[in-house]
Amino acid sequence: MANEPQATKPRANKPQLPNHLILAALVLGFLIFQTWQTRAPSVALDYSDFKHLVHERRVTQVRIGNVSIDGVANLDGAQLDLPQATKQRLASVQDLRAVSFETPRVEDPDLVQALETANVRFTAKDDTNWFGMLVSWIAPVLVLVVAWLFLFGRMSSKVGGDLIGIGKSKAKVFVQKNMGVRFSDVEGIDEAKAELMEVVEFLRSPERFTRLGGHIPKGILIVGAPGTGKTLLAKAVAGEANVPFLLISGSEFVEMFVGVGAARVRDLFKQAEGLAPCIIFIDELDALGRARGTSGFSAHEEREQTLNQLLVEMDGFDTNKGVIIMAATNRPEILDPALLRPGRFDRHVAIDRPDINGRERILRLHAKRLVLGPDVDQAAVGAKTPGIYGAGQANIVNEAALQEARENKHRVDMVDFDASIDRAIAGLEKKNRVMNPKEKETVAYHEAGHALLAEMRATTDKVSRVSIIPRGIGALGFTQQLPTEDRYLLKQSELLDRLDVLLGGRVAEQLTFGEVSTGAQDDLQRATDLVRHMITRYGMTDAFGPVVLEPRSGSGFLGETSLQVRREFSEDTARRIDAEIRRLLREAEARVQDTLSAHRRELEALAKLLLAQETVDREALLKIIAGEAGAGANMDTDTDMDTEAQKQLAVSQNPLPRAAGEG
């Protein structure tokens, strides 16, 4: 895989104090300093001492305020009966003939008369504590400002940048001329690549399309299951066209603030016009473009406002400027119809599962960086992974490389790929899980029943391997079947053969032990679903004929907009459907019982070989079916059991054992 392109990201600015707040703090500090410096030193007197000095005619002038009284007194040569603390403060005064003093004011109605009697000059003063009042107002404001700046910084880090610019688009802009991804890096989806080559040609030479009055589709919607390569394909388009690539997820438009989503949509398109020609790619479009009116809230919901703004912007811009909108989703059935109409996302590119040749090419692409052993057959590896998408194929190659590293080898062999495929399909192997001998024997007969039915039905996929090693969370064993070719249509006889394979494990348990276990739960569920679809969707039963009773549900990609499946038949029809399901399952069970009863010897031989070896490959299976039991096949079951398991007789870690039928 080519190197990932580098995205230009805006630098997140740390929150700073505004300039006016810094200026206000400096002025306040200067006023405090001036007040402290200009305040004359004075001696604090008790009010009683002050009255005593007034009566002794030692006070020369007084200023009376609302809170305090200050003045000047002549204490030179006076023999005053003052407190010791006051005398100590007076000892520091250099000129006793003009001692400044201050005393708190007391509500004394005789004060003015006493001052007049002593011929003291007195005046009023404004001693309102402006500084205290100022601090009492400013301090809470400063606390709020500091708290806001703290929350500002926290919220900015959460939303990924400056909170003031929250309405800015969060799209990652890949501005390299070479995106690092080309069409040669995309395999297995040739039809989708061919569809998008026209977009590349338009971005390379738009005059070819505009000179005749034509225009490129305004929006391109890429639809496919998760892991099919939708985002990779969009990057390859930008890489082939050598244009900037704006990548944003649908969930990144909407935040906790009202109006942010619409603002980000506007900013995204404005940014794209400045970078034209370019590609806007909205990943996970369903997070933004869900059909309006389905959430149960009002039409003024924030998400719907964002969607409305997107619709307006798509109507307002001109594709001839070189701005192409691409989007990807795996849930097109929930998108708003206004997004899918011509003039918006008017071209739909569906990506399906890769076929056997596509899987082989994907494996070859990802395996280029590995050192492969001579026994590695990449075509065989591709054949063993039906239904696995491109991301799953890449994971299989990576797991094979990790398997090689665990064993400290110098190349990846076929056994590493087999282990990787088993891990991807059936889960992690759990050899340390303790199973008691009876449960292990039950799983062996269960998987033997699946394997024999798969080999004895003409149209089923043949068995590659059978194992009773526990894997994953609930699978106590699995039977691996490999298709010989890709199938797109299945006939009724083929579905019935698959139904027999699903019931093979349960019937094998019934024949051997006289009862069934909970291990067939998943098989029964799949068998019931298969029969129900044969009746209600495929019209493969004489009881109902060619009629569809249940519409398709789930993500069918394009063409399906129904969010809920309605039951369009009566209660009587439902009872008849249930009866028909039971009939088909009973008939299949009888067929399977006849087959396994006729091949009881092969069933016993395969089960005993599984107990002895835990894993049986196709070659050994064919020998058993041909009558060549091989070493270990005729051994007694008790001697085939794990002796350590017999000693422990521990309960399995899974209280409800389940043997996987087809992987």
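This note sets out points on the fold and local geometry of a predicted model.

1. Confidence. The average pLDDT of the chain is 78, and 76% of the residues reach at least 70. Two stretches call for caution. Residues 1-15 have a pLDDT below 50, although the model gives this stretch 21 contacts beyond near neighbours in sequence. The pLDDT is also under 50 over residues 159-164, where the model has 13 contacts beyond four places in sequence.

2. Five strands make up an open sheet with mixed pairing, in the order 1-4-3-2-5. Its edges are formed by strand 1 (43-44) and strand 5 (121-124), each of which pairs on one side only. Helix 2, residues 47-55, packs on this sheet and touches strand 2, strand 3 (68-73) and strand 4 (99-104). The direction of helix 2 makes about 130° with that of strand 4.

3. Strand 2 and its two partners. Strand 2 spans residues 59-64 and runs parallel to strand 5, to which four bridges join it. With strand 3, strand 2 pairs in the antiparallel sense, over five bridges. Strands 2 and 3 form a hairpin, with three residues between them. Ile-64 can be followed in both directions across the sheet: Ala-124 stands opposite this residue in strand 5, and Ile-69 stands opposite Ile-64 in strand 3.

4. Strand 12, residues 462-467, is joined to strand 13 by five bridges, and the two run antiparallel. Within this pairing, Val-463 has Gln-481 of strand 13 as its bridge partner.

5. Helices 17 and 18. The axes of helix 17 (residues 492-513) and helix 18 (residues 521-536) come within 9 Å of each other and cross at roughly 160°. Because of this angle, helix 17 is roughly antiparallel to helix 18. The crossing is left-handed. Helix 17 contributes Gln-492, Leu-495, Leu-496, Arg-498, Leu-499, Leu-502, Leu-503 and Arg-506 to the contact. From helix 18 come Asp-523, Leu-524, Arg-526, Ala-527, Leu-530, Val-531 and Met-534. Sorted by class, the contact has 10 nonpolar residues, one polar residue and four charged residues.

6. Helices 14 and 15. Helix 14 (residues 390-406) packs with helix 15 (residues 414-426) at an angle of about 125°, and their axes are 8 Å apart. The two helices are therefore oblique to each other. Helix 14 passes helix 15 in a right-handed crossing. On the side of helix 14, the contact is made by Asn-395, Ile-396, Val-397, Glu-399, Ala-400, Gln-403, Glu-404 and Arg-406. Helix 15 supplies Asp-416, Phe-417, Ala-419, Ser-420, Ile-421, Arg-423 and Ala-424. By class, this contact has seven nonpolar, three polar and five charged residues.

7. Backbone exceptions in two loops. Most residues other than glycine have a negative phi, and most peptide bonds are trans. Asn-242 has a positive phi, near 55°. This asparagine, Asn-242, lies in the loop between helix 8 (230-241) and strand 8 (245-249). The peptide bond joining Ala-276 and Pro-277 is cis, with omega about 0°. Pro-277 is in the loop between helix 9 (260-275) and strand 9 (278-283).

Note on methods. Residues numbered from 1 in each chain as written. Predicted model: local features only at pLDDT ≥ 70, side-chain atom pairs only at ≥ 80, totals over all residues. Heavy atoms only, no water. Pairing = 2+ DSSP bridges. Contact = heavy atoms within 4.5 Å. Axes fitted to C-alpha atoms, helices over the stretch in contact; angles between N-to-C directions. Parallel < 35°, antiparallel > 145°, perpendicular 65-115°, else oblique. Left-handed = near helix turned anticlockwise from the far one by under 90°. Nonpolar A, V, L, I, M, F, W, Y, C, P; charged D, E, K, R; others polar. pLDDT = per-residue confidence, 0-100.
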